[in-house]
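Please view the sequence and the model first.

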Amino acid sequence: MSRSAHPAGPRHADVLPEGHYTAPPTDLNVLDEKVWARTVGRNADGVVTVGGIEVTRLAEEFGTPAYILDEADFRARCRAWADAFGKDADVFYAGKAFLSRAVVRWLKEEGLNLDVCSGGELTTALDAGMPADRIAFHGNNKSQEEIERAVEAGVGRIVVDSFQEIVRVAHTAQRLGTRQRVQIRVTVGVEAHTHEFIATAHEDQKFGIPLAGGQAAEAVRRALRLDGIDLIGIHSHIGSQIFDTSGFEVAAHRVVGLLAEIRDEHGVELPEIDLGGGLGIAYTSDDDPREPHDIAKALNEIVTRECEAARLRTPRISVEPGRAIVGPTAFTLYEVGTIKPLEGLRTYVSVDGGMSDNIRTALYDAEYSVALVSRTSTAGPMLARVVGKHCESGDIVVKDAFLPADLAPGDLIAVPATGAYCRSMASNYNHALRPPVVAVKDGEARVVVRRETEEDLLRLDVG
Ligand code: LLP
């Protein structure tokens, strides 16, 4: 993830401190379309607009901080994934990236399926009208209650993650007088090139059942013996924010290998494989994500080739992109508060949010971009660190970025690519109120998740 320090510095410091930054862009007013939602641009007055609406108007109407979500972009990305994989594959949006009733309706309308991983996500999905058979239920420690609700609702599949769970799902379905379709999640032993907290295919971790040592094959044996469940396939998710597709290829190779073993041992050809999510997006201009049709082509080719070699019928493929769909579609709009230039170091720019609305920088050392959006500026670049208002020095939103040196309190700045894992991982640290999600489209803006209020906080506090 790291970038090297650049020798040429901003005009207010002779020597640049260590940091993760490249050269300041030649024009700080230019918005790199790689990291911004598709309908974002600047109007003739230099104010950034999205969906045809000025951010200054959004800030006035909805306050800051706020997540601003470009609905047209979200829908376009859904369609791009669905088109890329075609009718012989299924795209499940991973709800953990960001889920709300509006998102569920958009997914339903655009023909996508939905992956949920908790009772709360299941409730949101069903409440907003996602047909149960288009829902996959995930998780490494589903409660008995969650399993019952999923089976009762008739979810299309439960992805079982342990030996105990295979038995629990089977018994639950039997007790409820039904059969449940399941996939078994396996770990294929791939080291994905990403942060260790979000890599999930190596064996020494909590998810899945290892292929190694025949454990996954044993799980398949048990699943095939039990009444109440129909084993429809094998699932693998290698990690998240991955650019290099070789990990997916190794995973596909090993999963198909297991399908061949199953055919040889049981005379059964499982009809489906799921290769999970994990495709990386651009957070800064240095990131070069791959397009859905590239991914689809690569995955289809490898699965087809491996199946031909093993003389297996090609299974139906499914994928579970979360970040790659919602991540680029939103930005967080903040108002600049205090500004502290630290001579020879950098300028600390405080905003009215922080680690409560974006924990990713503190948690994963994630890199983000930032821009002044309420106006343009002709001032030179200053090396800035965008920080929040929380009571810790690690409360950093953007570690190293260039902002115009005339930045002033009251300016609006925005951090792009915050659609995924920001609102969904937001907290009430320091009793912060979680920001709203405002969807914009064709000149209209509406709140799809409202801002928390102090009454919300007090309502939970019943002591
Ligand atoms: N499928 C499964 C089984 C998953 O566990 C995940 C993500 C996905 C799909 C979607 O992955 P995506 O396409 O969004 O990368 N909080 C972390 C990411 C955790 C991902 C967890 N699982 C972050 O902020 O980077």
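How many Å apart do the C-alpha centres of domain 1 and domain 2 lie? The C-alpha centres of the two domains lie 36 Å apart. The model is predicted: local features need pLDDT of at least 70 and side-chain atom pairs count only at pLDDT 80 or more, whereas totals for chains, interfaces and linings use all residues. Residues are numbered from 1 along each chain as its sequence is written, and side-chain values use heavy atoms, with hydrogens and water left out.

**Domains and their interface**

- Domain 1 comprises 41-70 + 328-460 and domain 2 comprises 138-321, with bounds taken from an automatic or database domain assignment.
- Domain 1 gives 8 residues to the contact and domain 2 gives 7 residues, where contact means heavy atoms within 4.5 Å.
- About 800 Å² is buried between domain 1 and domain 2, 62% of it on carbon and sulfur atoms; buried area is the accessible area (1.4 Å probe) that two parts lose on being put together, summed over both.
- The side of domain 1 that touches domain 2 has 5 nonpolar, 1 polar and 2 charged residues (Ala, Val, Leu, Ile, Met, Phe, Trp, Tyr, Cys and Pro count as nonpolar, Asp, Glu, Lys and Arg as charged, and the others, Gly among them, as polar).
- Across this interface the rule finds 0 salt bridges, a salt bridge being a side-chain nitrogen of Lys or Arg within 4 Å of a carboxyl oxygen of Asp or Glu.

**Side-chain pairs**

- By the salt-bridge rule, the structure's count comes to 34.
- R446 forms a salt bridge with E71, and the closest N and O atoms are 4.0 Å apart. This pair links strand β21 (residues 444-449), which holds R446, to helix α2, which holds E71, across 375 residues; helices (H or I, at least four residues) and strands (E, at least two) are DSSP runs, numbered from the N terminus.
- The structure holds 5 aromatic pairs, meaning rings of Phe, Tyr and Trp (its six-membered ring) with centres within 6.5 Å; planes under 30 degrees apart count as stacked, over 60 as edge-to-face and the rest as tilted.
- The F74 and Y93 rings have centres 5.7 Å apart and planes at 70 degrees, so this pair is edge-to-face. F74 belongs to helix α2 (residues 71-85) and Y93 to strand β5 (residues 89-94), 19 residues apart.

**Backbone geometry**

- The T64 to P65 peptide bond is cis, with omega near -10 degrees; P65 is in the loop between α1 (55-62) and β4 (66-70).
- Q241, a residue other than glycine, has a positive phi near 55 degrees and lies in the loop between β11 (229-235) and α8 (246-266).
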